[in-house]
Amino acid sequence: MRRKLAAGNWKMNGDAALLAELGTLAEHQNANGPQIIICPPAPLLSRAHEITKDSPVDIGGQDCHAATSGAHTGDVAASMIADTGATSVIVGHSERRGDHGETNAEIRAKAQAAWAANLTAIICIGESEAERTGPDTLDVIAAQLDASVPDGATGENTVIAYEPIWAIGTGRVPTLDQIIETHDMIRTKLTDRFGKTGNAFRILYGGSVKPTNAAEIFTAENVDGALVGGASLKAADFQPIIDALDAS
Ligand code: PGA
């Protein structure tokens with residue numbers, strides 16, 4: 001049995017008011033529900049952990065450097081994220097790939113750095129709009145999965161987030177059939193590569209998940225939860241998504 005997971009990616013948003021929202025969210029969770037991970041910007045990780053530490057809500061980072069320390073101004077090492085009390089980190093989000101030119105090889109190295117710091121790596125993959133309308137969509141996503149996930153990945157140390165770039169922040173989502181087809185393909189690739197352990201990986205869908213579409217998306221067998229951006233910024237939006245996941 002894979003534990004369902006609702007992860008919130010605050011991106012470059014967050015202040016005292018949003019931390020207060022987090023407090024509200026944390027108060028309302030029950031320990032038997034889906035796992036919940038909130039990923040605030042790095043400067044808020046410690047405060048977010050302080051607010052949630054006695055609740056079932058876990059905290060994660062949004063990115064880490066592949067190196068353990070050194071001359072990398074502005075970057076954050078995985079061990080620093082772990083030191084705040086966070087237990088996971090997103091790597092390879094399409095905004096990192098796009099804004100910072102991150103390659104699959106770098107993302108693999110970041111995932112390994114996350115593991116070395118005892119963090120779960122939430123590895124993001126997903127196609128562009130041109131790739132979705134092209135003939136080889138599933139091959140493109142499969143190649144990205146292969147190249148972004150290091151050997152040694154397990155269902156404990158890694159979560160896969162499938163996020164079509166064209167669906168992020170746009171209000172557009174793939175059809176349920178497209179989501180099912182893509183998640184089934186990812187599951188098959190994971191079991192082909194890792195054997196039975198491939199069944200233990202959580203595969204999240206991300207991209208414009210809202211209270212209005214979450215329940216339908218969660219009907220897909222290989223959708224184990226969601227990575228949510230915009231709708232994770234308000235407890236009133238994120239809670240119905242968590243509830244839909246719990247009920248699925
Ligand atoms: P969105 O972002 O829910 O705002 O589309 C998802 C993500 O980028 O993780």
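# A walk around helix 5 and beyond

In helix 5, start by selecting I107, K110, A111, A113, A114 and W115: these residues are buried. As you look around, keep in mind that this is a predicted model.

**Stop 1: the helix itself**

Now select the whole of helix 5, residues 104-116. An α-helix has 3.6 residues a turn, so residues three or four places apart point the same way.

What do the buried residues of helix 5 pack against? Three helices take part: helix 3 (78-83), helix 4 (94-100) and helix 7 (137-148). Strand 4 (88-91), strand 5 (120-125) and strand 6 (158-162) are packing partners too. Colour these elements one by one to see the surroundings of the helix.

Before you leave, step just past the end of helix 5 to N118, which takes a positive phi of about 65 degrees.

**Stop 2: K110 and its charged partner**

Go back to K110 and show its side chain. Which residue forms a salt bridge with K110? The partner is E102, with the closest N and O atoms 2.8 Å apart. Side chains of opposite charge can pair when their charged atoms come close. Is K110 buried or exposed? K110 has a relative accessible area of 9%, under the 20% cut-off, so this lysine counts as buried. E102 is buried as well, at 9% relative accessibility.

**Stop 3: D63 and R96**

Next, select D63 and R96, whose side chains meet in a salt bridge of 3.3 Å, N to O. D63 lies in the loop between strand 3 (57-61) and helix 3, while R96 belongs to helix 4, so the pair ties together parts that are 33 residues apart in sequence. D63 counts as buried, with 15% relative accessibility.

**Stop 4: R187 and D224**

For another salt bridge, move to R187 and D224, where the closest N and O atoms are 3.0 Å apart. This pair links distant parts of the chain: R187 sits in helix 8 (residues 176-194), and D224 in the loop between helix 9 (214-217) and strand 8 (225-228), 37 residues away. Both R187 and D224 are buried. Now show D63, R96, E102 and K110 together: salt bridges that share partners join these four into one network. How many salt bridges does the structure hold? The count is twelve.

**Stop 5: the cysteines**

The structure has zero disulfides. C64 is buried at 1% relative accessibility, and C124 is buried at 2%.

**Stop 6: a pair of rings**

Finish with the aromatic side chains, which form two aromatic pairs in this structure. One of them is F194 with F201, a tilted pair whose centres are 5.4 Å apart, with 35 degrees between the planes. F194 is buried, with a relative accessible area of 16%, and F201 is buried at 0%.

Conventions: Residues numbered from 1 in each chain as written. Predicted model: local features only at pLDDT ≥ 70, side-chain atom pairs only at ≥ 80, totals over all residues. Heavy atoms only, no water. Disulfide = S-S within 2.5 Å. Buried < 20%, exposed > 50% of the residue type's maximum accessible area, 1.4 Å probe, protein only. Helix = DSSP H or I, 4+ residues; strand = E, 2+ residues; numbered from the N terminus. Expected span 1.5 Å × (residues − 1). Contact = heavy atoms within 4.5 Å. Phe/Tyr/Trp six-rings, centres within 6.5 Å; stacked < 30°, edge-to-face > 60°.
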